[in-house]
Number of protein chains: 2
Amino acid sequence: MTVHTVSFLPHNREIQVPEGTVLIRAAMEAGVHINASCGGEGVCGKCRVIVESGEVAGGISEQLSPEDREKGYRLACKSLVTGDVTVRVPVESAIDTSVLKQSYVPRKTARIRQMDLNDLKEQGLFLPPVEKIYIELPEPDNQDHLPDVTRLVSHLKLHHDEHRLTVSLPVIRKIPDVLRKDGFRVTATLARPVMESGKTEIVNVQPGDTSDRIYAIAMDIGTTTIYGQLIDLKSGAVLAEKGDFNGQISYGEDVISRIVFAEKAGGLEQLQKVAAETINKIVNGIVRRSKVDPDDIAAITLAGNTTMTQLLLKINPRYIRRSPYVPASTLYPPIRAVDIGLDMGDHVTALVYPAVSSYVGGDIVAGVMGSGMYRDERLTLFMDIGTNAEIVIGNRDWLACAACSAGPAFEGGGIKFGMRAAKGAIEDFSLDPTTWEPMLMTIGNVRPKGICGSGLIIMIAVMFELGLIDNLGKFNRDLATDRIREDNGVWEYVLARAEETQIDRDIALTEIDIENLIRAKGAIYSGCMTLLAEVGMDKADIERIILAGGFGSYVDLEKAMTIGLLPEIEPEKVTFIGNSSLMGAKMSSLTNRIRRDVVEVTRSMTNFELSETPSYMDNYVAALFLPHTDMERFPRLKERLSRRRDNA
Amino acid sequence: MTVHTVSFLPHNREIQVPEGTVLIRAAMEAGVHINASCGGEGVCGKCRVIVESGEVAGGISEQLSPEDREKGYRLACKSLVTGDVTVRVPVESAIDTSVLKQSYVPRKTARIRQMDLNDLKEQGLFLPPVEKIYIELPEPDNQDHLPDVTRLVSHLKLHHDEHRLTVSLPVIRKIPDVLRKDGFRVTATLARPVMESGKTEIVNVQPGDTSDRIYAIAMDIGTTTIYGQLIDLKSGAVLAEKGDFNGQISYGEDVISRIVFAEKAGGLEQLQKVAAETINKIVNGIVRRSKVDPDDIAAITLAGNTTMTQLLLKINPRYIRRSPYVPASTLYPPIRAVDIGLDMGDHVTALVYPAVSSYVGGDIVAGVMGSGMYRDERLTLFMDIGTNAEIVIGNRDWLACAACSAGPAFEGGGIKFGMRAAKGAIEDFSLDPTTWEPMLMTIGNVRPKGICGSGLIIMIAVMFELGLIDNLGKFNRDLATDRIREDNGVWEYVLARAEETQIDRDIALTEIDIENLIRAKGAIYSGCMTLLAEVGMDKADIERIILAGGFGSYVDLEKAMTIGLLPEIEPEKVTFIGNSSLMGAKMSSLTNRIRRDVVEVTRSMTNFELSETPSYMDNYVAALFLPHTDMERFPRLKERLSRRRDNA
């Protein structure tokens, strides 16, 4: 990847970006504001910059006069970085952001490094869950009438020191023909017991020597999206990866509406079926793409929240949504993949990640395992933020967890122009603190259609920090901008005018939207604080934060702290982990050690029901401000705000 | 049961028979010959007897003149014993059987006493395979969010000392609703591990207290007939029993033709399906009849020969019929009954009896277990005779077995008028050694349709002993009877004239029939002798013989020795055991001790392939005589024959 340096004047700020980066994104990344309200489609024509040295590709538009083009004017939203370049933001587009300079933090902090097979081996964490052994058996004859299964088992016992073997019926069915297909030369696939006391099972037999080909599937069963990976168990490499919307979406967007549907006649069966269908689609896709023989896939590991897990296993989840919120089970036995409608060989065992409670599910446990926090001595706060936010706190000695319902604001729900993080969603935002003009970036660089959750957080954080809204989330009605207006008794800030949008209506952020977001972030923050207090800890004890999930990958860390969604902590201590559920599923596919540890981890994880913890409501009410009633908890923000006030 | 004494004159022989016994059967049982060739339907009118004292019911026919009736003449085949009675067999109907008197042995010897639950307990053999425990769980509330499964498992752990519990997915699915049906009062069904190292599985949960109701099904999967029993595990009692033809019969009468059909496209699936359907029919029948709740049935134990077992488990049996005759497996893991198409609760585990080899199957192993011979110190010869005959020899220290193909003669196959043991089959026979007139008894006392296997043995034994046929199985052409005749170059003895039969044709026994029977009995006898020799034993070492199977229940012991089917041994040493396969299945249902022992028994049982044992063919050729080339092996018969010769 070729990287170039972009220098912005008059800010004197430099940033390294990959070749081909859109200039306006480089500016946003560098904390350089350029007015822009069409999301980067080149419609509004506001994002004019002057290329002072070096070159960019494109950026020339009818909205620029020939003279301007001559002078080096370009539209930043249409200019691609092709080499080192120095760009001046003209006065009409630029603001003095020097006040923000000190607060500039990298938008993306380090991702956790996923352990690979070598790491596991080096750290003594490698216990192969499945292995293939190639064997050449003596053929039966008039002196040797050993039954086929006995012949195989005895040989493994005598020549490979394999004891306590079991063989399931589907494999017994295969053995006679497979043995005779290649002159009693066969490869046996052995699944090792998770617990030492268990037995090794012969889960497959194949003619000839296939011992170099052995694969597993790891699967994250999300309420919205299901992701799968095909893993080469010989190398630990991910051969293919694929995600798709969970087919259950048609029956309800969130967990609760799925449970409601499952309670209807035939509902559970229907939800089970479509979830299995989505999984099958993904598995077939990655198997086809990677051209592996499905017969070489030995196992599938599934991680999902408690409701998704129960639905997939066809266990009615009705009691999950009823006080006292009791799940059917937290541990599940290994099951045959075909028994839950998975379109895989009947030798394939499905391992289902255990849960802790109704609202802290297998996806979170998988995250705890995948992130390694259960083996780390540092006190870690693990958060997976979505409609429901799950919080785990602890280290290798102890773990506690809780879940809180944030509502759908982070996914665009309850927000007037809210939408999922899809093409046209405003995902990034900057504000001119003098003209109050916005800089909008949309997913896909197209005209805006709405606002996604991560964009909303950035927007509100910027507005709050620059004083467009106060700590109650109300707009400063005194500012000299017609973007702040009252519409049907609700105050709002116009982000994009109708003609700049895809929806031919003004896109605005309303005070009701802000209120909803404050409630959502208040729920999560108070969840963290309550859990910390319950385990006798304080924010200062947190040695690191792990942010998991899709939302955790996109959220702007500093902005999330500014609005009081996350406790304020040094950004270096925060790690984005991405789909930690999938990561945990993959780890369990690679080594039995994780599968062994997870039982202990699940058992030892203390679950707190926040709705029944009295201090939770107090914490919640105190958090219904930007960032919080108690500004002392956010010293860095407080300092920035006071510096801004001094500058003003 | 009221029993009466019937005295026969001039023989001076008495016999005790139950009230309602047909007089001619009492005569046959007592060894008293009365001419009769219509099978007991009263058509031939030959079986005239005189009631001298006492009374019989019926027996009056148009074939008796009013004077004869007055004199006390009755047709024996139509007279029922209603009290003590003395009957004279007139000269025209009687023969002097005094010569046979000394050889009279009880037709049925003692049956093995099946162990019941108390015996098992007294002998320390009782390890309950399934148990129910009634428990009252604390209900979840805001302070107690234990998942439902954990709640159940923890309670069993804490209050019932139940450790190492597993719960399968079908049971997990049930638990949430069942717990709430009767206020968290539930009955858990626990299946104990067969091996001590195993885990106890919670196989069912039911609302309320059902701990007094727990049942199991035992099933014998025969090639021809399938039998099932419903067993009350609390008392050990058989609550209901039912047999039905194996639906596979339409696809071939014997094991080999079934295997051939299974090799056709879809054939295996079809045979699996119809076997399962027969089982379902039987299970539904006995469940309905006994009015038990199917949900209270905890397990099913299946015993069948190797081919029947493989077909039911949908394991292609093709290699069973191909040299070197290797079965797929001999041990099978516990499987879910629903997985093999059984119409039972999805909590029901099916246990399949292990086999020894392709032709010594789970039915024989079940017989060895059910008869207890594996625990007995006496050297026992266990025989199950049918199309295939299986022979086990040994005691509690060692066991050896072999199988030989007898051909279908014992089931009426290859016999001109052969038929299965059904209504109209000649099942008993006696012969007048002066007039050579027969006495025929048919099943159901109807006019004869054909000859069944047990009837054939009696017939040939009687004919041989009285000199109608010689030791090569050839008729004595010099005898003054038109019943012996040549038809199309084949010599035969006419058993019944066309008008006395149901088929409007003469029913005869031909020399070819006799030849076929000699081959069949020769195969079995030489099988026994070869196996004895292989283990270094002699006939004299045999301390008892156990005759198993339907054929074993009907065969006339003395006659079987007379023709040389069984080695000659004191009749007291012979035990009829009936359906020993079903008996073994029942024992395994009652105690895990049998299920534990059977693994060891199966492993330690030495199998001899007779077709590959050189001495077998020599033994076979020597056995192709009545009873054998070496008459010294049958000293009792030899003595009877010489006495007869002296008398003649």
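## Salt bridges across the model

A salt bridge here is a side-chain nitrogen of Lys or Arg within 4 Å of a carboxyl oxygen of Asp or Glu. By this rule, the predicted model holds 88 salt bridges over all chains. Side chains of opposite charge can pair when their charged atoms come close.

## A pair between two loops of chain A

A:Arg420 and A:Glu253 form one salt bridge, at 2.9 Å from N to O. A:Arg420 sits in the loop between β18 (399-405) and β19 (425-431) of chain A, and A:Glu253 in the loop between β12 (238-245) and α7 (255-262) of chain A, so the pair ties together parts that are 167 residues apart in sequence.

How accessible are the partners? A:Arg420 is partly exposed, at 28% relative accessible area. A:Glu253 is exposed, at 52%.

## Two pairs in chain B

B:Lys281 bridges to B:Asp244, with 3.0 Å between the closest N and O atoms. This pair links distant parts of the chain. B:Lys281 belongs to helix α8 (residues 267-290) and B:Asp244 to strand β12 (residues 238-245), 37 residues apart. B:Asp244 counts as buried, because its relative accessibility is 18% and the cut-off is under 20%.

B:Glu465 and B:Arg640 form another salt bridge, with their closest N and O atoms 2.5 Å apart. This is a helix-to-helix link: B:Glu465 lies in α11 (residues 453-465) of chain B and B:Arg640 in α18 (residues 635-647) of chain B. The pair therefore ties together parts that are 175 residues apart in sequence. Is B:Glu465 buried or exposed? B:Glu465 is buried, at 6% relative accessibility. B:Arg640 is buried too, at 9%.

## A network in chain A

Some salt bridges share partners. They join A:Lys416, A:Arg485, A:Asp487, A:Glu492 and A:Asp506 into one network.

## Domains of chain A

The domain assignment gives domain 1 (3-94), domain 2 (125-207), domain 3 (215-352) and domain 4 (409-517). The centres of domain 1 and domain 2 of chain A, taken over C-alpha atoms, are 66 Å apart.

## Backbone exceptions

Most residues other than glycine have a negative phi, and most peptide bonds are trans. The bond from A:Ser323 to A:Pro324 is cis, with omega near 5 degrees. A:Pro324 is in the loop between α9 (306-312) and β14 (335-336) of chain A. The bond from B:Leu9 to B:Pro10 is also cis, with omega near 5 degrees. B:Pro10 is in the loop between β1 (3-9) and β2 (13-18) of chain B.

A:Asn445 has a positive phi of about 50 degrees. Its loop runs between β20 (438-442) and β21 (450-451) of chain A. B:Lys314 has a positive phi near 60 degrees. B:Lys314 lies in the loop between α9 (306-312) and β14 (335-336) of chain B and is partly exposed, at 32% relative accessibility.

Definitions and conventions: Residues numbered from 1 in each chain as written. Chains lettered and ligands numbered in written order. Predicted model: local features only at pLDDT ≥ 70, side-chain atom pairs only at ≥ 80, totals over all residues. Heavy atoms only, no water. Helix = DSSP H or I, 4+ residues; strand = E, 2+ residues; numbered from the N terminus. Buried < 20%, exposed > 50% of the residue type's maximum accessible area, 1.4 Å probe, protein only. Domains from an automatic or database assignment.
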